[in-house]
Each structure stands twice: as structure tokens, then as C-alpha cells.
Amino acid sequence: MAGKTKKTTKKKADIEALIATFSEHVSENYPAPDVYRENISSMLAAKKERMESGEYVKSLEKNLVFLNDLVTEGEAYLEYLLERINDKEPATEEITVALGSMEEKVRAGAFGRVEELLGGKGGEEFGELAALRGKDREAYTEKLEFNYIYFMAFRMLLFEFFGVLAAVREEYEIERVDEAAFGLVHSNIKMTANYYLGNISVGEVVDDSPPSA
């Protein structure tokens, strides 16, 4: 009938299909794990070369706290989006803007939290790391590097997932999204990060805490 708008019915997919699409996207767009690790090692080596020892450590501390806080904010936003995965809002453009604003907000406040997270007991996440600070410089630096590259990889993959989620929901209605969805997505991102960093092998199951050096 003239004047009627044809309603478009979206195809259907489940949360497992969304995660599989993310994994495929990463494998197609990221370098092989050994190349990825070589790139990280080269980046840290260049950073060490141009900085004095104390400056290098301070730089890692600041960036680790920033990445930790950004991941925390990102995880909360992921949970928010999964609860509204089939809603029209927020649109893809709004998600992109929200992630940019999140990064700016975290960057503005994170660097002042170095002493809070690393200068005392370190909280649940950085207790072992904080215990080494000021006692064993070499071990502290090594563990600092380990945590830094883990959170860098996790943050990168987490933000990559937002892009995949936004693209998939443009064409699909995502079914079977319940309270377990966040855990499934989080575990997959964590496993992928650890796989690229060489901390686990393919198919290895990990828990929900960052690995220890």
C-alpha cells in the first residue's frame, strides 16, 4: 500500500555468535601473537633507551594506573551496553563519543592515583606489585612491565569489542543475552589478551584475575 514503510526484520544471532565474530575480527586484523609480542618488546626497549631508569619506572606507573582505571570504566560501560544490546540507543556514533569522553575523564584523574594504588598496599589488584615498590627495584620494574603490557592488551581488545558489538547489532538482534553475558565476553577478552601475550596456550581456561608475573 502506498505510503506504508516496510518494516525491516533483523537477522538473529546469539551471544556466542557475537563473541565468535569478535575472535574472527581480532585474528584477521591483529598481527600474529609472536609478532605482537616482538612489537611490545621493541616499544618498551625504545622507551627504556630514551629515559633514565627512574623516569622509565614513573612513566610505567602512570600509564598502568591510567589503563587500569580505563579498563574499569570500560567494563562498566560494556555491562551497560550488553543490558541494552538490542535497543536503538545508544547509536554507534554515541558509543564512539562515549568511549572518547571516558578516556579523557580517566586520563585527567588517573595520574594522581599512582600513590593510592601503588604506594600503599596496592589494593586487591596491585598488592604484590606495591609490596615490591621501594624494596626490589629490578623485580618491581619487571612486574610493572608485565602488568602494564597486560592492561594495555586488555584495554585494546575491550575497546575493539565495542566496535564489533556496535557493527553486529546494526544488522542482528542478539538473543540469549542474560546475566551471564558479561562474564562470557569478559573471559573471552581476557583469554585473548593472555594468548597474544604468550601467558596461556590455545584452549587454556583462565580465571577472572590478571595473571601474576
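Where is P31 found? P31 is found in the loop between helix α1 (15–29) and helix α2, helices being DSSP runs of H or I with at least four residues and strands runs of E with at least two, numbered from the N terminus. The model is predicted, so that local features need pLDDT of at least 70 and side-chain atom pairs count only at pLDDT 80 or more, whereas totals for chains, interfaces and linings use all residues. Residues are numbered from 1 along each chain as its sequence is written, and side-chain values use heavy atoms, with hydrogens and water left out.

The chain contains eight helices and two strands. Along the sequence these elements follow the pattern β-α-α-α-α-α-α-α-β-α. Of the 213 residues, 38% are buried; here buried denotes a relative accessible area under 20%, exposed one over 50%, and partly exposed a value in between (1.4 Å probe, protein chains only). The accessible surface of the chain amounts to about 12,200 Å², and carbon and sulfur atoms contribute 51% of this area. Accessible areas were computed by the Shrake-Rupley method with a 1.4 Å probe, and for residues only the protein chains shown count as cover. Among contacts (heavy atoms within 4.5 Å) with a separation of 6 or more, 78% involve residues 24 or more positions apart.

P31 has a relative accessibility of 29% and counts as partly exposed. The C-alpha atoms of P31 and Y196 are 9.2 Å apart, although 165 residues separate the two in sequence. When residues up to four places away in sequence are not counted, P31 touches Y36, N39 and Y196. A76, in helix α3, is likewise partly exposed, at 47% relative accessibility. The C-alpha to C-alpha distance between A76 and F182 is 9.8 Å, at a sequence separation of 106 residues.

Salt bridges were assigned where a side-chain nitrogen of Lys or Arg lies within 4 Å of a carboxyl oxygen of Asp or Glu. This rule gives a count of twelve salt bridges. One of them joins the side chains of K11 and E171, with an N to O distance of 3.8 Å. This pair links distant parts of the chain, 160 residues apart: K11 belongs to strand β1 (residues 11–14) and E171 to helix α7 (residues 137–171). K11 is partly exposed, at a relative accessible area of 45%, and E171 is partly exposed at 46%.

A salt bridge is also formed between E145 and K48, whose closest N and O atoms are 3.2 Å apart. E145 lies in helix α7 and K48 in helix α2 (residues 33–50), so the pair ties together parts that are 97 residues apart in sequence. E145 counts as buried, with 14% relative accessibility, whereas K48 is partly exposed, with a relative accessible area of 44%. In the salt bridge between R113 and E116, the closest N and O atoms are 2.8 Å apart. R113 is partly exposed at 23% relative accessible area, and E116 is exposed at 52%.

A network of salt bridges links E61, E115 and R133. E61 lies in helix α3 and counts as buried, at 5% relative accessibility. Apart from neighbours within four places in sequence, the contacts of E61 are V114, L118, R133, Y140 and L144.

The loop between α3 (53–83) and α4 (92–110) contains P90. The peptide bond from E89 to P90 is cis, with omega near -5°. In general, most peptide bonds are trans. D87 is also placed in the loop between α3 and α4, and is partly exposed, with a relative accessible area of 42%. On the surface, D87, E89, E93, E94 and E170 gather in a patch of negative charge. Patches comprise residues with over 30% relative accessible area and no salt bridge, like charges being joined within 9 Å and nonpolar side chains (Val, Leu, Ile, Met, Phe, Trp, Tyr) within 5 Å. Asp and Glu count as negative and Lys and Arg as positive, while His and the chain ends are not counted. The place of a charge is taken as NZ of Lys, CZ of Arg, CG of Asp or CD of Glu.
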